Amino acid sequence: MTDLPPPPQPPPTQVPPPAQPPRRGGLRWVLIGAGGCLVIILLLFVGFAGCLAAITGGGGGGGLTTGPSEYETAKKQAVPVGETVEAGEVAWTVNDVAQATELKSLGQRKQGNFVIVDITFINNGKDAVTLDSNSLAILDDQGRTHETDPDASLYVPMNKDLFLNQVNPGVTKQGRAIFDVAPDTKGMILRAGDTNIMTDENAYINLGI
């Protein structure tokens, strides 16, 4: 009897490898980033609250206090009309002040509420200076600042045209400045400044109106 070969054996069953647990490193960094953002937002909020408390005084009188307004300072320093004040290397004197509701010149008219200031300017420095309208302004009791009216230069006599003229050292110049102010403007004080743009020196003259 012939020996038969053994029947073929089925291939061994392959067991799949066990599933790997999900990696948690990415989630950790996401959580760390979110926490950092929350910290930054909290710091910004605390800083904003601190600034607000400083500005408002914190409601308990212990916050930062601001200095007096320029108008309050001006009232204490202002001299009356006719007296000379010095600002840096220049000096100013208000000789006369008038109010008008109409300006006239060469048949032209302009309506408004005008303050007309006649001024004497002296250059006490060693160099020539050029006057411009930024040197003068009117402060009022409401904390407003009124600059010269650029259109009013047409109504200033040529011999009193003060601005954009060069004044040599030691020279005195007579001039006029016109301001267009609101009807309710009161307590007017003229701020007369130095002509040197590198300084911030001002003097004050009480216009008496």
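**Close-up 1. Pairing of strand 6 with strand 10 in the predicted model.** Strand 6 and strand 10 run antiparallel to each other and are joined over four bridges; within this pairing, Leu136 has Ala192 of strand 10 as its bridge partner. Along strand 6, which covers residues 136-139, Leu136 and Ile138 point one way while Ala137 and Leu139 point the other way, and all of them are buried. In a regular strand, side chains alternate between the two faces of the sheet.

**Close-up 2. The hairpin of strand 6 and strand 7.** Three bridges connect these two antiparallel strands, and Leu139 finds its bridge partner in Thr145 of strand 7. Five residues lie between the strands of this hairpin, in which Gly143 adopts a positive phi near 80°.

Close-up 3. Strand 10 and strand 11 are antiparallel and share five bridges, with Ile189 standing opposite Asn206 of strand 11.

**Close-up 4. A patch of negative charge on the surface.** The patch gathers Glu89, Asp127, Asp200 and Glu201. Of these residues, Glu201 is found in the loop that lies between strand 10 (189-193) and strand 11 (202-206), and Glu201 counts as partly exposed because its relative accessibility is 43%, a value in between the limits of under 20% for buried and over 50% for exposed.

Definitions and conventions: Residues are numbered from 1 along each chain as its sequence is written. This is a predicted model: local features need pLDDT of at least 70, side-chain atom pairs count only at pLDDT 80 or more; totals for chains, interfaces and linings use all residues. Side-chain values use heavy atoms; hydrogens and water are left out. Patches are made of residues with over 30% relative accessible area and no salt bridge: like charges are joined within 9 Å, nonpolar side chains (Val, Leu, Ile, Met, Phe, Trp, Tyr) within 5 Å. Accessible areas come from the Shrake-Rupley method with a 1.4 Å probe; for residues, only the protein chains shown count as cover. A salt bridge is a side-chain nitrogen of Lys or Arg within 4 Å of a carboxyl oxygen of Asp or Glu. Lys and Arg count as positive and Asp and Glu as negative; His and the chain ends are not counted. The place of a charge is taken as NZ of Lys, CZ of Arg, CG of Asp or CD of Glu. Buried means under 20% relative accessible area, exposed over 50%, partly exposed in between (1.4 Å probe, protein chains only). Two strands pair if DSSP finds at least two bridges between them.
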